[in-house]
Amino acid sequence: MPELPEVETVARQLNAAIAGRRIRHLRLLDPKLRAAGRLSVDDYRIEAVRRYGKQVVFELVPPRKRSVARWLCVHLRMTGRLIHVPAGQTMDATKARAVIELDHGGVLFRDTRRFGTIGIHEDQAAVLPAGVEPLSNELTVARLKELLANSPTPLKTWLLMQDRLVGLGNIYASEICFAAGIHPARPAGRLSDAEIRRLRTAIRRILTAAIKHCGTTFSDFQDSRGEVGGYVKYLKVYHRAGEPCRRCSTPIEKITQAQRSTYFCPTCQPD
Ligand SMILES: [Zn+2]
C-alpha cells in the first residue's frame, strides 16, 4: 500500500510532467468510479499536482471566469498507479480504470485490485486530510506531544491513525519506531519528552529519506514512470524477522498489532 513517500513521489513526478496542461476529457472506464463523474473536469487546467495526506490531488483552474476551482483526488489504496503517458506515445487504456486525456499526452489510472478511488470536489476543505501533515511546520514537538497525550494506543498502531498524523502506513511506522529507539507496544500517551523529541526527528528523517529514494516497493508500488521505489534497501526492520539488527545484530522480531505485522529490535527498542 503506498504511504506518504510513495504518494509524494507520484505527485511530484506528475506535477513536473503535466502542471499547466489542460484536461481534454476524463474517461471513467470502471463503473465503480462512475459516481465521480457528477462534476466534470473537462477543459479545466491543471494548476498543480500535490499530495494531500495519502491522496494525489490535481488542483484545477476553471475554463471560464465565472466557474469555480475543482480538485480531482485520486486515492491509490492497495494497487493503484497513475502513469504519465507523454505526447506522441500510445495511450493503452486496456487495463486502465480511468484515463485523463490532456491537451498533450495523458495519465492512466491502473489498479488491479480496484480499491482505489477518484473524487471530484468544489470545496478544498473536503479534500484536506483530518490529521497533521508530518513534514509540515505544524508538527512541532509541542504539537506532537498534544496529539499523543493520554492515548493508551500502542505507539506503532497510533502512528497509523490518519486523524492524528497523515500518510504513515505499516512499513514506515515500524521503521520510525526503530529509528526513535522506542518499543512499538509502548502506550503512545506515556512517552517521555525526550522520546517525543526522538520520535519527531525519526518521523521527519525517515519520510524525507524515503521521498529522496522515490519510496519503497515491496510488491506493487510503481511511480508515474513505471519504476520501483529505491528505499527498500534502507529498511532496518520491516520484513526482516529473524535477520540480524543492522545496529546491534540481535534478531529482528515480528509481532501482530491491530491485525498488522510489526517489526522491531528487542535490544534497540527495549520495552
Ligand atoms: Zn538492534
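Helix axes are lines fitted to C-alpha atoms over the stretch in contact, with angles running from 0 to 180 degrees between N-to-C directions. In the predicted model examined here, the axes of helix 1 (residues 4–18) and helix 5 (residues 193–212) approach to within 9 Å and cross at roughly 40 degrees. Helix 1 is therefore oblique to helix 5. The crossing of helix 1 past helix 5 is right-handed. On the helix 1 side, the contact is formed by Leu-4, Pro-5, Glu-8 and Thr-9, which meet Leu-207, Ala-210 and Ile-211 of helix 5. By class, the residues of this contact comprise 5 nonpolar, 1 polar and 1 charged.

Considered as a whole, the chain contains 5 helices and 10 strands. The C-alpha trace spans about 60 × 35 × 30 Å along its principal axes.

The chain is divided into two parts, domain 1 (4–126) and domain 2 (141–264). A distance of 29 Å separates the C-alpha centres of domain 1 and domain 2. To the contact between them, domain 1 contributes 16 residues and domain 2 contributes 19 residues. On the side of domain 1 that touches domain 2, helix 1 and strand 5 (80–85) each supply at least two residues. Helix 1 gives the most to this side, with 8 residues. The residues of the side of domain 1 that touches domain 2 fall into 7 nonpolar, 5 polar and 4 charged.

Helix 5 also packs against helix 4 (residues 170–180), at an angle of about 130 degrees and with the two axes 8 Å apart. Helix 4 and helix 5 are therefore oblique to each other. Helix 4 passes helix 5 with a right-handed crossing. From helix 4, the contact draws on Tyr-172, Glu-175, Ile-176, Ala-179 and Ala-180. Sorted by class, the contact of helix 4 with helix 5 consists of 10 nonpolar and 4 charged residues, with no polar ones.

A further contact of helix 5 involves helix 2 (residues 141–148). These helices pack at an angle of about 110 degrees, with their axes 10 Å apart. Because angles of 65 to 115 degrees count as roughly perpendicular, helix 2 and helix 5 are roughly perpendicular to each other. Within helix 2, Val-141, Leu-144, Lys-145 and Leu-148 take part, meeting Ile-196, Arg-197, Leu-199 and Arg-200 of helix 5. The contact of helix 2 with helix 5 includes 5 nonpolar and 3 charged residues, and no polar residue.

Note on methods. Residues are numbered from 1 along each chain as its sequence is written. This is a predicted model: local features need pLDDT of at least 70, side-chain atom pairs count only at pLDDT 80 or more; totals for chains, interfaces and linings use all residues. Helices (H or I, at least four residues) and strands (E, at least two) are DSSP runs, numbered from the N terminus. Angles under 35 degrees count as roughly parallel, over 145 as roughly antiparallel, 65 to 115 as roughly perpendicular and the rest as oblique. A crossing is left-handed if the near helix is turned anticlockwise from the far one by less than a right angle, and right-handed if clockwise. Two residues are in contact if their C-beta atoms, placed from the backbone, lie within 7 Å. Ala, Val, Leu, Ile, Met, Phe, Trp, Tyr, Cys and Pro count as nonpolar, Asp, Glu, Lys and Arg as charged, and the others, Gly among them, as polar. Domain bounds come from an automatic or database domain assignment.
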